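Notebook open, structure loaded. I start with the charged pairs and then move to the ligand.

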Amino acid sequence: MKLLVSPINKEEAIAAHNGGADIIDVKNPKEGSLGANFPWVIRSVKEAIGSEKPISATIGDFNYKPGTASLAALGAAAAGAQYVKVGLFDVRTEDQALEMLTNINRAVKDYDPSKKVVASGYSDYKRINSISPFLLPAIGAKAGVDVVMVDTGIKDGRSTFEFMSEEELMRFTGSIRDVGLESALAGTLKFEDLPVLRRIRPDIIGIRGMVCGGDRTACIQQELVEKLKNMI
Ligand SMILES: O=C[C@H](O)COP(=O)(O)O
């Protein structure tokens, strides 16, 4: 499993990098679970980390706005993100999801075909009335994205495991693998979730709160990233 850690600024990115994170995922929690950070912050993280490991950037928890999302995705790619991650927060139908992801994927790969697109659904999709994540592997494959994942849409301390069972998450990651894409799990994951995560074995786990000492509004602690990296 690769460890993706989500800093909000250059200082946190360096702590995540030095702690052993495999992917540095720049986000802005003030604007939501997958809130977009500013292009200059993405650039500063890219300059700080260099080519030592890939930078990811979240572009937002979107409703159905394929044009806006495509332009945001291009911006993140141009700012230096190798992975461009979009949340389908208020996207409700398969057609909407396919149109969003197809256009985002085109915007990013017309710019640089080596970059990757991450489609995020939400484990708490029922409470936010979002598209079922179980539909996303097939849609993502058709759209040409590279990674499909779930995160939690509402950051109230409740974990992805409170909304999707181990069996459901096993089925979700398996269906992503079956269509040749990478899987990622995120959403207030905790150290005590590691045994079940090892059983599910997603390709990537996405973390913030766990390496901030449990409070995602605090700062990333390098020693917690090191501890987590040594446990997965
Ligand atoms: O990596 C992205 C997730 O939003 C991580 O945040 P969290 O662990 O605080 O839920």
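This is a predicted model: local features need pLDDT of at least 70, side-chain atom pairs count only at pLDDT 80 or more; totals for chains, interfaces and linings use all residues.

Which side chain does Arg106 meet in a salt bridge? I looked it up: Asp110 is the partner, at 3.3 Å from N to O. I count a salt bridge when a side-chain nitrogen of Lys or Arg is within 4 Å of a carboxyl oxygen of Asp or Glu. Arg106 and Asp110 are 4 residues apart in helix H4 (residues 94–111), so about one helical turn separates them. Helices here are DSSP runs (H or I, at least four residues), numbered from the N terminus. Searching the whole structure gave me 14 salt bridges.

Residues are numbered from 1 along each chain as its sequence is written, and side-chain values use heavy atoms, with hydrogens and water left out.

Next, the ligand. I found 13 residues around it, with Lys27, Asp151, Lys155, Thr188 and Arg216 coming nearest; "around" takes a heavy atom within 4 Å. By class, I get 2 nonpolar, 6 polar and 5 charged residues in that shell.

Lys155 has a side-chain N or O atom 2.6 Å from one. For Arg216, a polar side-chain atom lies at 2.7 Å, and for Ser6 at 2.8 Å. Taken alone the ligand exposes 300 Å², and the protein buries 99% of that (Shrake-Rupley, 1.4 Å probe).

Terms used:
A polar contact is a pair of N or O atoms within 3.5 Å; within protein, one must be able to donate a hydrogen and the other to accept it, and residues adjacent in sequence count only if both atoms are side-chain atoms. Ala, Val, Leu, Ile, Met, Phe, Trp, Tyr, Cys and Pro count as nonpolar, Asp, Glu, Lys and Arg as charged, and the others, Gly among them, as polar. Helices (H or I, at least four residues) and strands (E, at least two) are DSSP runs, numbered from the N terminus.
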